[in-house]
Amino acid sequence: MGADIKSLRTRIRSVDSTLHLTRAMGLVASSKIRRATKNMNRSREYTVALESVVSQLSAVPECARSPYMKPRGAGTKLIVIAGDRGLAGGYNANVFRLVTATKPDMILPIGKRACDRYGEGFPSSERFSGEDAGKLGEELCRGFLAGEFERLGILYTRYQSMMTQVAEIRWVLPLEKDPEAKPSPAIFEPDEQTVLDAAVPTYVGGMLAACVRESFASEVAARRMAMDSAGKNAQEMIDRLQLQYNRARQNSITQEITEIVAGSGL
């Protein structure tokens with residue numbers, strides 16, 4: 001009986017330690033959510049403007065001659081954005097599952113978990129800056145024009161709400177003409193194709209920055225929810241163990257009283 005009480009006490013302390021850890025990680029995630037979602041919303045506004053300009057230019061017949069409108073080379077290159085840390089529920093697992101289903105020929109990882117799995121890349125999605133995105137966008141465009149790959153996509157996690165985040169792929173290159181888009185009435189100098197070709201590296205960099213920020217907001221939200229769930233489970237386990245502990249102590253005390261009474265001959 002004494003051994004059972006000691007074992008229960010040890011388990012309670014262990015689960016309580018885990019509870020403190022999950023609460024601390026949940027608080028850290030909560031402190032980052034506001035800034036992460038603010039940056040995400042700003043990036044969304046920026047990408048909407050970029051997509052509008054590129055879509056209007058792509059609709060111009062003369063822009064069909066742009067090298068960015070035609071597949072070049074062979075193979076698919078995928079930018080995979082995963083988390084910097086674990087303990088975020090199914091966040092990273094959903095990303096890696098989609099990579100496996102897509103079967104890209106080349107992978108460039110962003111985030112420590114992606115780098116651990118796919119090799120050298122950018123080890124932190126949280127610290128991936130707009131400058132990093134701009135440089136990478138220019139590098140990717142040069143690779144596309146050189147025929148290093150035929151198609152470029154960004155695998156990121158789209159933020160829907162605190163409860164829901166969805167891993168998906170946004171295909172960036174080659175550009176596709178939107179059948180519903182109408183050419184802009186504006187006059188572009190020197191011509192539409194030149195402006196489009198100059199705008200594409202900025203467009204790719206902007207898409208990268210937006211996807212990274214959206215993925216980071218999704219990671220923080222997923223970790224917050226995972227830690228809340230883990231904390232509730234830990235508290236329920238502590239309550240059950242505490243009940244067992246109290247019963248074991250009560251039985252132990254009852255047994256000791258019985259033995260004392262029996263030994264006194266009463």
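How much space lies in the largest pocket?

## The largest pocket

About 270 Å³ of space lies there. A pocket is an open set of points on a 1 Å grid where a 1.4 Å probe fits, with protein on both sides within 12 Å along at least five of seven lines. Lining residues have an atom within 4 Å of a point.

The model is predicted: local features need pLDDT of at least 70, side-chain atom pairs need 80 or more, and totals for chains, interfaces and linings use all residues. Residues are numbered from 1 along each chain, and side-chain values use heavy atoms, without hydrogens or water.

The lining has 13 residues; Val-54, Trp-171, Leu-175, Glu-176 and Tyr-203 are the closest to the pocket's centre. Helix α1 (2–58) and strand β4 each supply at least two lining residues. Helix α1 gives the most, with four.

## The sheet

Helices (H or I, at least four residues) and strands (E, at least two) are DSSP runs. Four strands form an open, mixed sheet in the order β2-β1-β3-β4. Its edge strands, β2 (106–110) and β4 (165–173), each pair on one side only. Pairing takes at least two DSSP bridges.

Strands β1 (76–81) and β3 (151–159) run parallel, joined by five bridges. Val-80 stands opposite Leu-155 in β3.

## Gln-193

Gln-193 sits in helix α5 (192–264). Its relative accessibility is 18%, so Gln-193 counts as buried (under 20%, with a 1.4 Å probe and protein chains only). Gln-193 touches Glu-62, Cys-63, Arg-65, Ser-66 and Pro-67, leaving out residues up to four places away in sequence. Contact means heavy atoms within 4.5 Å.

Key: Buried < 20%, exposed > 50% of the residue type's maximum accessible area, 1.4 Å probe, protein only. Points joined across faces, edges and corners; volume = space filled by probe spheres on them.
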